[in-house]
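Reader: I am new to this structure and would like to know what lies behind the terms used for it. Please show it to me before we start.

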Amino acid sequence: MALKLKSIRLKNWKCYQNEEIEFNLDTQQHIWIVFGQNGFGKTSILEAIQWCLYGGDELKSSALLDSFNRIVLKKDPNLELSVQLKFDRNGDIYDISRTAKRVVRGITASAQTNEAIVQQNGINQPYSRECIEELLPRACKDFFFFDGVEIKRYAQRLHTKETLDAIERILGIPELRNLREDSGRALQSIEKKLKDAASINESLNQVTSKLEEVQEKIEIKKEQLQKAKEEYQAALEIQKGTEERASQIEELRDKLKDMNNLESNKSRKQEEWSEAKKQVERDLEQAPIPLLLEFVRGVAEDMQSTTMITARRSGSVSQLREILESEACVCGRCIDESSRIYILQELQRLETSGASRTKDALQQDDLRDRLVTLSRFKTPDFDSLLLRRDRLREELDQIEKAAYRLKKETQGLNQEEAEDIWKKVGESQQKVREHQQKIDRLKGESAVLLQQENELRREMEELASCNEETANLARQVTLADGLHQAAKELIEWRITERKKTIEEQTSKIHRSVTNKPEEYVGVEIREDYTLGIKNATGEIINPETLSAGEKEALAFAFIAGLNLESGTAAPLIMDTPFGHLDTGHQRNLINALPDLPSQVIVLATDRDFPDYLLQGVRSHVTGILKIKRLGATEDASTVEVAE
Amino acid sequence: MKHIDPQATIRPTPQAKGYLDALKKNSAFGRMVDAYVFAAAYALKNNVEISPVPARGREDLVYMGIVDEDVRLALEAGVHTVLKRNGKPEPKDSREVLDIVTQYAEAGLKLLKERWQGKTGVQIQDDIRKIIS
C-alpha cells in the first residue's frame with residue numbers, strides 16, 4: 001500500500017512560475033534530497049503539496065493571496081495558480097490538482113480556491129475530498145509532511161489532544177471508536193426498541209389474558225344463548241298450546257256455561273238428594289216403632305188404669321187428714337181426741353208406707369206418659385219420602401250424564417280454566433317476549449364480545465408480530481451487543497497491538513537516532529500516547545527530562561514509527577529537519593532514513609545534509625535536486641536535478 | 001215393664017253381623033244397629049219363635065244408647081207384651097230384656113235375609129215401606 005509522490009507541478013505558485021519536479025520511482029532507493037538555500041522555495045514546495053491536498057483547510061484565502069507569483073501577478077492581476085501532484089499507489093496513478101484564482105474587485109483582491117480534482121488512472125473521481133482523505137488523511141498530515149520546527153512542536157505537544165487524535169487516526173482508532181459508538185448507539189436503540197417490544201410483550205400477555213376472558217365469556221354467552229333459545233322454544237310451545245286451548249275454550253264457552261249451570265244444578269240436587277237420603281236413614285232409624293205401636297198402645301192402656309187407682313187412694317188419705325185437722329165439724333158428731341190421734345197415727349203410717357209406692361207411681365206415670373205419647377207416633381210418609389229421594393236421584397243421574405257429556409265435549413274444560421286461560425295466554429306471551437328479549441340481549445352481548453374478541457385478536461396479532469419483532473430485536477440486541485463488545489475489544493486489541501508495534505517501530509528508530517542507544521533501550525507508549533523512554537535499568541524516563549535534541553529525536557522516531565504504522569506508507573516530506581540538531585542526532589537521523597520503508601523527500605539546506613553525512617546515505621538516495629533562483633528581478637526559482 | 005240399659009252393648013252373631021254389614025253397604029240402612037233393631041221389631045210384630053243366642057263368636061256392635069229412645073221404649077213394650085201374650089215371665093232385669101231383644105233380632109234378621117234375598121238397598125227400603133205401612 002506504499003504511496004509515492006511521482007511528480008509535483010507548480011504554476012504561478014509562489015516562486016515557481018511553471019515548475020515540474022519529478023521523482024523517479026523506477027529504482028529501489030526511496031530517498032530524494034532537494035537542496036535549497038533558505039528562501040529559495042523549499043517550504044513553498046511543502047506548502048504547495050499541502051494546499052493542493054487540503055485546500056482552504058490548510059491555507060486561508062488571505063494567506064493564499066500571497067501564494068500567487070508576484071512577477072506574473074503584475075502582468076495578470078487575475079492570475080490563476082495551480083498545483084498538480086501525481087501519486088503512484090501500487091501502479092494506480094492518482095492525479096490531484098487544484099487551482100485558485102485571484103479576483104480583483106475594485107481595490108480589493110481575493111483568492112478563490114477551487115475544489116481539488118482527482119483522477120485515478122485518468123478518470124475523474126466524483127468525491128475528491130474523500131478520495132484525498134483516503135489517500136492521505138489530513139489529520140495525519142503532520143506525520144507525512146513536517147519540518148524541523150514541526151518536529152520541535154511534536155516534541156512539545158505529544159500530550160495534546162490534537163496529537164492524541166492524530167495518533168489514533170493513524171491507528172484507525174476513530175473508525176473503531178465510531179464502530180463502537182455506532183454499535184453502542186445501535187445497541188441502545190435496539191434495546192430501547194426491545195424495551196418497547198417487551199412492554200408490547202407485556203401488553204400481549206394482557207391482551208391474550210383479556211382474549212381468553214372474552215372467549216370464556218363468549219362460551220358462557222353461547223351456552224346462555226342456547227339455553228335461552230331452548231327456553232324460548234319451550235315458552236313458544238307453551239304459548240301455542242295455551243293459545244290453542246284459549247281458542248278451543250272460546251269455541252266451547254257456551255257449552256261451558258251450560259256445564260256450569262249443570263254443575264250448580266247438580267250440586268243443588270246433590271244436596272237435596274243427600275238430605276232426602278239422610279231423612280230416609282233417619283226415618284229408618286225409627287222404622288221399628290210402627291211395627292211395635294200395637295204393643296206400645298197396649299202397655300200404655302194398662303198403665304193408664306193402674307195410675308188411676310193409685311191416684312184415688314192418695315186423694316182419700318189427703319181428704320181425711322184435712323177433715324181431722326180442720327176445726328169445723330161438718331157432721332155434728334165430733335170424734336174424741338184419742339180417736340183423732342189414732343186416726344192421725346194410722347194416716348201417718350199409711351203415708352209412710354205409701355211414699356215408696358208414690359215414687360214408683362210417678363215413674364210409672366212418666367213411663368205411661370211416654371208410652372201414650374209414643375202410641376201417638378205418626379209413621380213417616382215413606383212413600384213420598386222414598387219417591388222424592390228416588391226422583392232426586394234420577395234427576396241427579398240425568399244431570400250427571402249431561403255434565404259428563406258436556407265435559408267430554410269441553411275436553412275437561414272448566415270455568416276456572418276458561419277464566420284463567422287468557423291470563424295464561426298473556427303470561428305465556430309475556431314469557432315468550434321475555435325470552436326473546438333475553439335472546440336479543442344475549443345476542444347483543446355476544447356480538448359485543450365477538451367484536452371485542454376480533455379487536456383483541458387483531459391487537460394480539462399486531463402485538464404477536466411485534467413479538468416476532470421482539471425476537472428479532474432480541475437477536476439484534478445480541479448481535480449489536482456482540483458487535484459493541486467486539487468493537488471495544490477490537491479497539492483495546494487494536495490499541496494494544498498497534499501500540500506494541502508502534503512501540504517496536506519507534507523504539508527501533510529511536511535507538512537508531514538517539515545518541516544513547518545503549519542507555520535508551522526502548523520507547524514506551526502509554527495509554528494516552530504519551531511517551532516514555534525505557535533505560536537500561538528498566539526505568540521509564542519522562543521525556544520532559546530529556547534535552548531538546550533528545551526530545552526531537554524521540555519525536556522523529558515516534559513520527560516515523562507512526563508513519564510506518566499508518567498503513568499508507570505515505571511519503572515523508574521533511575523540510576529542513578536536522579539543521580538545528582546536534583551532529584550526533586543529525587547523523588543518527590540521516591542514517592535512519594534508509595531504514596524507513598516510505599518514500600522520503602528531504603527538503604534540506606547544506607547544513608541539514610553536510611557532505612559527510614550525505615555520503616553516508618548516498619547509496620540510498622535516488623536523486624538529488626537543487627533549487628536555483630533565477631534572475632534577481634524574476635522572483636522565481638526552479639528545481640534542477642543535481643545528480 | 002223392664003227397660004233396656006242404654007249402656008249395654010248390642011252383640012250380634014257373626015252371621016247377623018255379616019248381613020248387617022251387607023245392608024249397610026247396599027245403603028238399605030245408614031247404620032247396622034238400625035237394621036238390627038228393625039229385625040227385632042219385625043220378629044216381635046210377627047211373634048217369631050225365638051231361641052237363645054249362643055254367646056260364642058258374638059261381637060260388640062254398639063251401645064244400646066245410640067238407638068233412638070222411642071225405639072228402645074217401643075222394643076221394651078213389644079218384649080213386655082209378647083212375653084205376656086206368650087205366657088212367659090216378665091224379664092227380671094234389663095240384661096234379660098236385651099237378651100230377648102237380641103234373640104228376636106237374630107230371628108227377625110234371618111227372616112228378612114230370606115225376604116230381601118237379591119234385593120238392592122232401594123228395593124229393601126221400599127219393602128220396609130210396605131212392612132211398616
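Author: What follows is a set of questions about the terms, each answered from the structure, which is a predicted model.

Reader: What makes up chain A in terms of helices and strands, and how much of chain A is buried?

Author: Chain A has 16 helices and 16 strands. Of its 643 residues, 33% are buried. To be called buried, a residue needs 20 or more other C-beta atoms within 10 Å of its own.

Reader: Why is strand β3 of chain A called largely enclosed?

Author: Strand β3 covers residues 31–35 of chain A, and five of its five residues are buried, so the strand is largely enclosed by the rest of the structure. Both faces of β3(A) are covered. A:I31, A:I33 and A:F35 are buried on one side, and A:W32 and A:V34 are buried on the other.

Reader: How do you know that β3(A) pairs with strand β14 of chain A?

Author: Two strands count as paired if at least two bridges are found between them. β3(A) and β14(A), residues 600–604, are joined by five bridges and run parallel, so by that cut-off they pair. In this pairing A:F35 stands opposite A:A604.

Reader: What is the sense of the pairing between β3(A) and strand β15 of chain A?

Author: The sense is parallel, over five bridges, with β15(A) spanning residues 621–629. Here the bridge partner of A:F35 is A:K626.

Reader: What makes β10 and β12 of chain A edge strands?

Author: They belong to an open sheet of three strands in the order β10-β11-β12 (chain A), with antiparallel pairing. β10 (520–525) and β12 (540–541) each pair on one side only, and they are the edge strands. β10(A) pairs with β11(A), residues 531–535, in the antiparallel sense over five bridges. Within that pair, A:E524 stands opposite A:G532.

Reader: Why are α9(A) and α12(A) called roughly antiparallel?

Author: Their axes come within 8 Å and cross at roughly 155°. Angles over 145 degrees count as roughly antiparallel, and that makes α9(A) roughly antiparallel to α12(A). The crossing of the two helices is left-handed. By class, their contact has 14 nonpolar, three polar and 15 charged residues.

Reader: Why is α3(B) called roughly perpendicular to α4(B)?

Author: The axes of α3(B), residues 69–85, and α4(B), residues 94–115, come within 10 Å and cross at roughly 85°. The range of 65 to 115 degrees counts as roughly perpendicular, and that makes α3(B) roughly perpendicular to α4(B). On α3(B) the contact is made by B:L75, B:E76 and B:V79, and on α4(B) by B:V97, B:I100 and B:V101. Of these residues, five are nonpolar, none is polar and one is charged.

Reader: How do you know that residues of chain A are in contact with chain B?

Author: Residues are in contact if their C-beta atoms lie within 7 Å. By that test, 24 residues of chain A are in contact with 28 residues of chain B. α9 (253–285), α10 (288–325), α11 (337–375) and α12 (382–409) of chain A each supply at least two residues of the side that touches chain B. The largest share, nine residues, comes from α10(A). This side of chain A has 16 nonpolar, three polar and five charged residues.

How values were computed
Residues are numbered from 1 along each chain as its sequence is written. Chains are lettered from A and ligands numbered from 1 in the order in which they are written. This is a predicted model: local features need pLDDT of at least 70, side-chain atom pairs count only at pLDDT 80 or more; totals for chains, interfaces and linings use all residues. Helices (H or I, at least four residues) and strands (E, at least two) are DSSP runs, numbered from the N terminus. A residue is buried if 20 or more other C-beta atoms lie within 10 Å of its own, exposed if 12 or fewer, and partly exposed in between; C-beta atoms are placed from the backbone. Two residues are in contact if their C-beta atoms, placed from the backbone, lie within 7 Å. Ala, Val, Leu, Ile, Met, Phe, Trp, Tyr, Cys and Pro count as nonpolar, Asp, Glu, Lys and Arg as charged, and the others, Gly among them, as polar. Axes are lines fitted to C-alpha atoms, for helices over the stretch in contact, and angles run from 0 to 180 degrees between N-to-C directions. Angles under 35 degrees count as roughly parallel, over 145 as roughly antiparallel, 65 to 115 as roughly perpendicular and the rest as oblique. A crossing is left-handed if the near helix is turned anticlockwise from the far one by less than a right angle, and right-handed if clockwise.
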